[in-house]
Structure formats: structure tokens, C-alpha cells
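Please examine the model shown below, beginning with the ligand and its surroundings and continuing to the backbone.

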Amino acid sequence: MSLELSITLSTGASLRQIGLGTWLSKPKEVENAVEIAVRNGYRHLDLAMIYENQDEVGAALKKVIPSVVKREELFMTSKVWNSSHQPAEVEKELDETLRQLGVDYLDLYLIHWPVAFVPGKGLFPPHASKDEVELDLKTTLVDTWKAMIALPKSKVRAIGVSNFTIPQLEGIIKATGVVPAANQIEAHPLLPQDELLAYCKEKGIHVTAYSPLGNNLVGKPKLTDYPAIVEIAKAKNATPAQVLIAWGAYRGYSVIPKSVQEERIKSNFQQVILSKEEYEAISAVGKGNHTRFNIPYGYTPRWNINVFGEPEEKDASNPVNIGA
Ligand SMILES: NC(=O)c1ccc[n+]([C@@H]2O[C@H](COP(=O)([O-])OP(=O)(O)OC[C@H]3O[C@@H](n4cnc5c(N)ncnc54)[C@H](OP(=O)(O)O)[C@@H]3O)[C@@H](O)[C@H]2O)c1
């Protein structure tokens, strides 16, 4: 039985602490996953245009609304993609997301990355001469944030960002006076993000942790397979995924594990509570082992931009254009 813990945003809306991630869910898988999730109690769904599966999510929603839940019982997050950062594009892409999902509004709409691509050339516009995406170095984060602020409340209940660092958050807040309701970031024991969490707490920015199981595209072992995590889970009669999700929940933010497998979808939602000792034992796995899995400079094709200031990004040619 899930504890069904909820968290309240600065806007007053509440969301369940454990949500369902949908990235890298293959065609046909996500429709099934979303339907299973909602039938088993999930009410918080994490979506995005770039996952290229929102129409399937929409098909699942048709199967569960209103027979299983009312629309207003779900908390749906989606994200504007990099190729729609230009102010004229932001609402157009939102409209397309709403059409794909078959809903009238989102509960939370995020700027997916602090990186703009040129518009009108697809989701990953190819650079004319290099094996890179073509960045839009003129459109600033402040430009895009202002366009997010201007979105009608009838279509988005709250707005926020994702993958933003402290200076990037500071920049958009200073320029507009509007504090994002949320920042969705990679967070797990190998990347605890303590400084960013403290900043967000001080500003009242809700944090959602992505890749809580340490999913990665670079073939490193998943956190669920780390012997220390397996041992802690065994001692608690829980799964490794459950204790990793609980580690995030212990820290007070929301966590969005992705699975397309029925048993995992169900068990990931069974919230277990860690003792202080268990929490610290899991945290110890990350000590001296800083690992950020999701670095766009390493993607193929490359995004030639330094988003986080990680050593892996030191050769990137471009800084993030925050704007003023
Ligand atoms: N804002 C962003 O830039 C951003 C970036 C990355 C992710 N996200 C969001 O965050 C969500 C979660 O992150 P993620 O997908 O990167 O990683 P994750 O949820 O940490 O891990 C997903 C991986 O773990 C497997 N898994 C799920 N439950 C498991 C269990 N109980 N035991 C063992 N393995 C399990 C999944 O496989 P199966 O499906 O086969 O179970 C999948 O391979 C995404 O789906 C997306 O919605 C956002």
C-alpha cells in the first residue's frame, strides 16, 4: 500500500511525491505503462514533447479519465523543448502538447533545458558543418522565461524549469521577479545536489528528482545494482529501487522513476520510509563518487554548450545565455 504522500507547491497546488517518468519508453510501452500506473494509484505523470510519446500518453489518459480518475485528480507535468524557446514558439508548442495529450491544461510546464536550439528544423536541428545540433545563441533564458510567464493560466497552472543551475535560476528571477514553481533536476546518491537543493528551498522552488535509479546512457552500472544498495534493500525487505526512491523522498522532494514493467511500476510506488541510519548508509555510496549521467555536451549529436560546469564540459565552446 502506498503512503501517497503529497507535497504543496508555492502556488498552493499539491502533487504526489512519487510520479511516473516516461522518458525512453518505447512506442506502445508508454500507453500501457501510464494506464497501469494510474489504475494502481499514480496521480503524478512526468511528460515531455521530446519523449515523442505524448500521443500515446493521451491514448492512455482516454482509458482512465473519467472512468478511473477525474482530470483534476492527476498532476501532469510537461516541458517545452529547446527548439521552441523563442517567445513566438512557446505557446505554439504548448498547444501541440495539449493536443497530443488530449487535455485542456497542464499542472506544471517546464523549460526542459537552459539551452535554445534554432526553431523550425526539427527537434535536433543539425549544424550545417559539424556533427552538432545548431544552437540558438541569441534567445536568452530570460526571453523564454518571460514567454512562460505570459502563458494563459487556463492552459498551465504553474510554470517552472528543469536542469537549471543556481546562476541560471538567479538570472531569470532577477530579471522578472517571478520565481519558478519547480526545478526538475538529476538527483540520486551519486549526485546529491546539496547546494542547489538548499537554494531552491530558500526560494520556495519545488525540486523533482529525475533519474533517481541512476539511469544512464553511457553503460555504467545502475544504482539498483550497487552491492551496498542491494544489501540495504535486502535488510529492509524492499527492492533496491524502493530504497533509492525513498532516499529522494527522505530529502523532501518529488521523485519520478520510470518503468514500463507492470511489477516495477507497482513496486516503485510502494513508498518505504528510511531511518536516518539507512538514509546515511545510502548517501555514503555517493561519497567521493560524484557522477552526473545526463550531460548534453556528451550527447550524439553534441550540444556544444557548458550547462553545468562539470569537467566533462570544459571544452564546450558556448556558455548558457542567461540574459538580463
Ligand atoms: N528533465 C530532464 O531533463 C529529464 C532527464 C531525464 C529523465 N527525466 C524524467 O525522469 C524520469 C526518470 O528518469 P530516468 O528514466 O532517466 O531514470 P530512472 O527512472 O532512474 O531509471 C529508469 C530505468 O530503471 C529501470 N527500472 C525501473 N524500475 C526499476 C526497478 N524497480 N528495478 C530495477 N530497474 C528499474 C527502467 O527499466 P524498465 O522500464 O524496463 O523497468 C529504466 O531502465 C524520466 O523517465 C523522465 O520522465 C527528465
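The following paragraphs treat the ligand site, the salt bridges and the backbone in turn.

The model is predicted, so local features require pLDDT of at least 70 and side-chain atom pairs count only at pLDDT 80 or more, whereas totals for chains, interfaces and linings use all residues. Residues are numbered from 1 along each chain as its sequence is written, and side-chain values use heavy atoms, with hydrogens and water left out.

Around the ligand there are 28 residues, of which Asp46, Ser211, Leu213, Ser259 and Gln261 come nearest; a residue counts as near if one of its heavy atoms lies within 4 Å of the molecule. This shell comprises ten nonpolar, 13 polar and five charged residues. In that division Ala, Val, Leu, Ile, Met, Phe, Trp, Tyr, Cys and Pro are nonpolar, Asp, Glu, Lys and Arg are charged, and the others, Gly among them, are polar.

Polar contacts are pairs of N or O atoms within 3.5 Å. A polar side-chain atom of Asp46 is 2.6 Å from an oxygen atom of the ligand, and one of His112 is 3.2 Å from an oxygen atom of the ligand. For Ser162, a polar side-chain atom lies 2.8 Å from a nitrogen atom of the ligand. The ligand taken alone exposes 890 Å², of which the protein buries 91%; accessible areas come from the Shrake-Rupley method with a 1.4 Å probe.

Side chains of opposite charge can pair when their charged atoms come close. The whole structure contains 16 salt bridges, each a side-chain nitrogen of Lys or Arg within 4 Å of a carboxyl oxygen of Asp or Glu. Arg39 pairs with Glu35 in this way, with the closest N and O atoms 3.0 Å apart. Because these two residues are four apart in helix H1 (residues 29-39), about one helical turn separates Arg39 and Glu35.

Helices (H or I, at least four residues) and strands (E, at least two) are DSSP runs, numbered from the N terminus. Most residues other than glycine have a negative phi, and most peptide bonds are trans. Ile65 and Pro66 are joined by a cis peptide bond with omega about 5 degrees, and Pro66 belongs to the loop between helix H2 (54-64) and strand E4 (75-80). The bond from Thr300 to Pro301 is also cis, with omega near -5 degrees.

Definitions and conventions
Polar contact = N/O pair within 3.5 Å; in protein donor to acceptor, adjacent residues only side chain to side chain.
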